[in-house]
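Here is a short report on one protein model and its ligand. Have the sequence and the 3D view open as you read.

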Amino acid sequence: MSTVSSHPIPGARVRNVALVGQSGAGKTTVVEALLGRTGSADAGSATTGLRAASVPWTAANGQTYRLNVLDTPGAPDFVAELDAALSVADLAVVVVDAADGVGVGTSLVWERCDAFDLPRFVFVTGEDRRRADFDRVLGQLRSTFGATLVALEAPVGEADALEGVVDLLHGGEADRDESLVEEIVAGDEETLARYLDGETPTPTDLEAALAHEVADRTEVPVLLGSALRGIGIDRLAEYLCDVAPSPLDRSVSVIAGDRTVEITSDPGADPLLYVFKTVSDQYVGQVSYFKVLTGVVTSDTSLTEMSSGQTERLHSLLRIEGLDLSPTGRLEAGEIGAVAKLAHTESRSTLAPASTPVIVAPPDLPEPQFALSLAPASRSDADRLSEALHRLTREDPSLRVTHDAGTHRLVLEGVGDVHVESAVARLASRYGVEVATDEVEVPYRRTISASAEAEGRVKKQSGGHGQYAVVSLRVSPLEPGAGFEFVDSVVGGAIPKHYVAAVRHGVEAAMSGAEHGEPPVVDVRVECYDGKAHSVDSSEMAFRAAAAQAFREAVEAAGPTLLEPISKVTIVVPSDMQGVVLGDVSGRRGHVVENRPNGDGSQHIVAEMPMAELRRYVVDIRTMTAGQGHFHAEPAGYRPAPQRSS
Ligand SMILES: Nc1nc2c(ncn2[C@@H]2O[C@H](COP(=O)(O)OP(=O)(O)OP(=O)(O)O)[C@@H](O)[C@H]2O)c(=O)[nH]1
Ligand SMILES: [Mg+2]
């Protein structure tokens, strides 16, 4: 006898559900309740990475379904994890706390769901909390997200008096809500025709109509309960089974050559997997979580990792049971599973047969907004740092590692401070690499606004083989952004042709500023118009040195200006907080180029601000707006820096 869990459940009865919502809304507590666990330590501590859980669920119709539940972090810094979950989910459950209601975090996840065209439910949890008020939250939901929200349930008592939930769809005649029935019926032509003919729709008819409307995203059912007290959780699971789309109902776009094609989850097709997440597990090593988009995979399947072209054998195939992974021989289209020990697969990889190369387009990654420069604590930490960072970025591609040319340090970039700091903590806890962190140096530059000339000389002719070179350079300004232009106008062989390349290299080295710890010089034309060579003592080295010296002196003579990088910052904050935000922008030497209401109570502000003033902006804007403001910065060129008074 096989148990329910090892028995494959067909794709039509799989539900891949992402739990999304504002931080602290109660998502993890809902997952715990669905798993039949209460009071575990996981709820209550902020989730930092997406977590997959799976539970078989026997519905009222007697059929067993599989609920694959992806718990996502609510903190906006982890939006890449949210997107990873949304990229494989067939439905999102937006969790809203009955006391706290709809917040900016709720709007953010709603927008992400829109970006993925994802059907959704709303689950209002925390109905046992002191200030719980379902009607108020429903009103907020409707005014923020539109009239497509339909409450399928109502609370019986609230807060301390919470007794349970009535089902307005299935309840007896007394509970059935006629306006709800009409709302559902009106959205589905077939049911509407029968209703207008005088037929009374059964709850099953209504569910079928609602299922269409949910899949088409014309209705969003609202359910409620208290995950902490286990109230409403079974109804949520039941509605997921009865009304939520199965993976077979949804299509995915894949890139085949230069075409994008929509495919559906056909178990009879070739196997195609999309890896939405990799984690490195202390015991198992690397574990890749994937969705089977089409076909069937077994532990004998070999597939090609599409970006590397390498073959991967899915020998250690795993199924998710509760929060654990257990070996399995087979997974079908629509399922979410995992595989251990793949060598070439990363988050966002596509695995497909070599004969049918297609790529699943992964969601765009968020732009890094925060960076820390890393100083290894010891020699041994330094040796292991880049390997550990490499593994971190494989797990979380929204982290980026760069090199600071000025300090020669590695720099870790991420979405926000919470994101980068939690990655630094993981460096220590997971890989045993200790680093101290610093703010990142701002990449200043220099340029000139006038022409100047200078001569560089290297003369060392006492005894033995000497060094001799004389280089005369003229520097003149170029248009901003033009970079560097080198002109050789030496006549009469004053500098032999074979030394001109050395002159150019000397100029380039000096221009980078690295040797003297100065910002690089940009937008400059350098003309080498004269010089002297010696038939024995001249060398490439001598010409490089003379050219570097001439360049530095010419730039000095031209009176260089310091340029600072500017960012174009798009800020969204609640309109009633714009005063403090605008005041802060000008305090940071910024100027506002656009300021308009979005029409939903938030304000859209675009400002240009010096990058030097933005290093902790992600932290400061959160403090200023009680977590409700967010921003996006992009490079917007360079501007003369204010004169330093020294
Ligand atoms: N009274 C009450 N408290 C709840 C309920 N659900 C969650 N909580 C509490 O709210 C806090 C946050 O719950 P979590 O489930 O961790 O919230 P989350 O949405 O997963 O938060 P992030 O992972 O940070 O996004 C915890 O202290 C929970 O115990 C509920 O139904 N009733
Ligand atoms: Mg959580």
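## A strand pair and its neighbour

Leu273 has Val292 in E13 as its bridge partner. The strands involved are E12 (residues 272-281) and E13 (residues 285-294), which run antiparallel and are joined by nine bridges. Strands pair if DSSP finds at least two bridges between them. A hairpin of three residues links E12 to E13. Helices (H or I, at least four residues) and strands (E, at least two) are DSSP runs, numbered from the N terminus.

E13 also pairs with strand E20 (residues 336-340), antiparallel, through five bridges. There, Tyr289 has Ala338 in E20 as its bridge partner. E13 is mostly covered, with eight of its ten residues buried. Buried means that 20 or more other C-beta atoms lie within 10 Å of the residue's own; exposed means 12 or fewer, and partly exposed lies in between, with C-beta atoms placed from the backbone.

## Basis and overall build

The model is predicted: local features need pLDDT of at least 70, side-chain atom pairs count only at pLDDT 80 or more, and totals for chains, interfaces and linings use all residues. Residues are numbered from 1 along each chain as its sequence is written, while chains are lettered from A and ligands numbered from 1 in the order in which they are written.

The protein has 14 helices and 35 strands. Its C-alpha atoms fill a box of roughly 110 × 60 × 50 Å along the principal axes. Of its 646 residues, 43% count as buried. Among contacts with a separation of 6 or more, 73% join residues 24 or more positions apart. A contact means C-beta atoms, placed from the backbone, within 7 Å.

## Strand E9

How many residues of strand E9 (residues 220-224) are buried? Five of its five are. Val220, Val222 and Leu224 point one way, and Pro221 and Leu223 point the other way.

E9 runs parallel to strand E5 (residues 120-125), joined by three bridges. In that pairing, Val124 stands opposite Leu224. Strand E6 (residues 149-151) also runs parallel to E9, again with three bridges. Here Val150 stands opposite Pro221.

## Helix H9

Helix H9 covers residues 379-395, which is 17 residues. At 1.5 Å a residue it should span 24 Å, and its end C-alpha atoms lie 25 Å apart, so the two agree. The expected span is 1.5 Å times one less than the number of residues. H9 has a kink of about 40°, centred on Leu385. The bend is the angle between axes fitted to the seven residues ending at a residue and the seven starting there.

Leu385 is also buried, as are Asp381, Leu389 and Leu392. The buried residues of H9 pack against several elements, including strand E23 (370-376), helix H10 (417-431) and strand E26 (435-438).

## Around ligand 1

Ligand 1 is surrounded by 21 residues. The closest are Gly26, Thr28, Thr47, Gly74 and Leu228. A residue is near the ligand if its C-beta atom, placed from the backbone, lies within 6 Å of it. Helix H1 (residues 27-34) gives the largest share of this shell, three residues.

By class, the shell has six nonpolar, twelve polar and three charged residues. Ala, Val, Leu, Ile, Met, Phe, Trp, Tyr, Cys and Pro count as nonpolar; Asp, Glu, Lys and Arg as charged; the others, Gly among them, as polar.

## An exposed loop residue

Ser355 is in the loop between strand E21 (350-352) and strand E22 (359-360). Why is Ser355 counted as exposed? Because it has 7 C-beta neighbours inside 10 Å.

Conventions:
Two residues are in contact if their C-beta atoms, placed from the backbone, lie within 7 Å.
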